[in-house]
Every structure is written in C-alpha cells, then in structure tokens.
Amino acid sequence: MDKKVLIELFIDDKDQDNALDIISFVSSPAIEKDFMHFKEDKEKFQFKATDEEKRIVTGPAMVPNQEIIRMDAEGNPYFVYFTEETISKAQEIFAKYGKTKSTNFEHKTGLRDVTVVESWIVSDPKNDKSNALGFSDIPKGSWMVSYKVDNDNLWEMVKSGEVKGFSIEGVFSKNIVQMSEEVENDSDNINDSYLDLFNKISGLFGK
C-alpha cells in the first residue's frame, strides 16, 4: 500500500549562510498564498491619504507545516514542509547575512530597487498585523515580509497581478518523515528503495 513521500526541510547550523539565499517574486507561490499590494485605499486598509502610491507589498514568505508538492527527476510527486522553528531561524538568518536587498523574479532574473522594509513572525494570528492588513488565514509561526518596490517594471507586474507572491530559495537539509512503501515483506529491498528515492530527491536540493 503506497504512502506519500513527506520530507521535513531544516537548516543545518554548520551551513547557515547558504540556508536561505533569496526571496523571489513569483506568479505562482508554492505556499499558495498571494501577497497584497498596498496603495492609497482608505476603505480597505485605512491608510492615511498620500499623493503617491506607497509601493509596498506584503505577504507570507514561509508557512509552517504546510505540505508543498514537488516532483523528482522522474516526475514522481513528493511533499516538503517547514516547522515553526526552522521558519524562525530562516527569518533570523535572512537578516543576519544581509539578504534583505537580494531578490529576483521567478527564481531567474535578478531585481534591483527592491528592499525588505518589514519582517516578522506571526505569534498571535488573531491580533497580528497580518490580520489587520486583511490576511485572515495566516497561521502561527508564519514569516511575513513587506517589500518596498522602487522597480517600475516589477511594480507594474504587481499591480496587474502578473506576480502574486513570494517563494524562497536556498539549500536545506532533509529529514524523511514518511516514504513510499513500494515493496512488501522484504526489508532489504524496502531499504534499497528508500535509499534510491532519497538520493533522487536529495539531488534536487543540491545537498
């Protein structure tokens, strides 16, 4: 009987500087939660009226215990997730190693004139700033970020809805929580199958 492949991604304390390299602006966020862009909109966000748009986008960069589907080299699905502890550590490392001005578009094209202006971990979803801004389903332990977008092209893509949220990239260590049980009643073959699948998946993360 098959079980899904579930892998916890975590940060190796010996390789912190590579753990979280960049936050990317993407059209399809892996965590399936779009960001919101804020401009002069007193009815929805009660902002003070200004002459120019603020050009700030806010959204979750990481959400704890949310299973994110991925595909191995042969097109087989598996799932990864992060714990609250890993997310908290990722936020700290992001600031510690000066990654706040490093971003790109769709994990490919580097972007300039985009800067993190706010970063926080949700500790009380009901009373958190994220809830006040209109995010009603952000769980405890999520990492929220706000970017100031001075890049004209990116801002137009944000306003048009072409880019919808954030996606992180980095090198994480892996802990297999659940594996696909492909062979029955043969422990040696099962172990070989687990090792083979683990090696294939590990190659996708570069570590």
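Colleague: Which side chains does the polar contact of 2.5 Å join?
Modeller: The side chains of S146 and T58 are joined by that polar contact of 2.5 Å. A polar contact is a pair of N or O atoms within 3.5 Å; within protein, one must be able to donate a hydrogen and the other to accept it, and residues adjacent in sequence count only if both atoms are side-chain atoms. This is a predicted model, in which local features need pLDDT of at least 70 and side-chain atom pairs count only at pLDDT 80 or more, while totals for chains, interfaces and linings use all residues. Residues are numbered from 1 along each chain as its sequence is written, and side-chain values use heavy atoms, with hydrogens and water left out.
Colleague: Is S146 buried or exposed?
Modeller: S146 counts as buried because its relative accessibility is 2%; buried means under 20% relative accessible area, exposed over 50%, and partly exposed in between (1.4 Å probe, protein chains only).
Colleague: Where is S146 found?
Modeller: Strand 10 (residues 143-149) contains S146. Helices (H or I, at least four residues) and strands (E, at least two) are DSSP runs, numbered from the N terminus.
Colleague: Another topic: in what order do the 4 strands of the open sheet stand?
Modeller: The order is 8-7-2-11, with mixed pairing; two strands pair if DSSP finds at least two bridges between them.
Colleague: Which strands stand at the edges?
Modeller: Strand 8 (109-110) and strand 11 (165-169) do; each has a single partner strand, so one side of each lacks a neighbour in the sheet.
Colleague: How many bridges join strand 2 to strand 7?
Modeller: Strand 2 (residues 22-26) and strand 7 (residues 103-105) run parallel and are joined by 3 bridges. S24 has N104 in strand 7 as its bridge partner.
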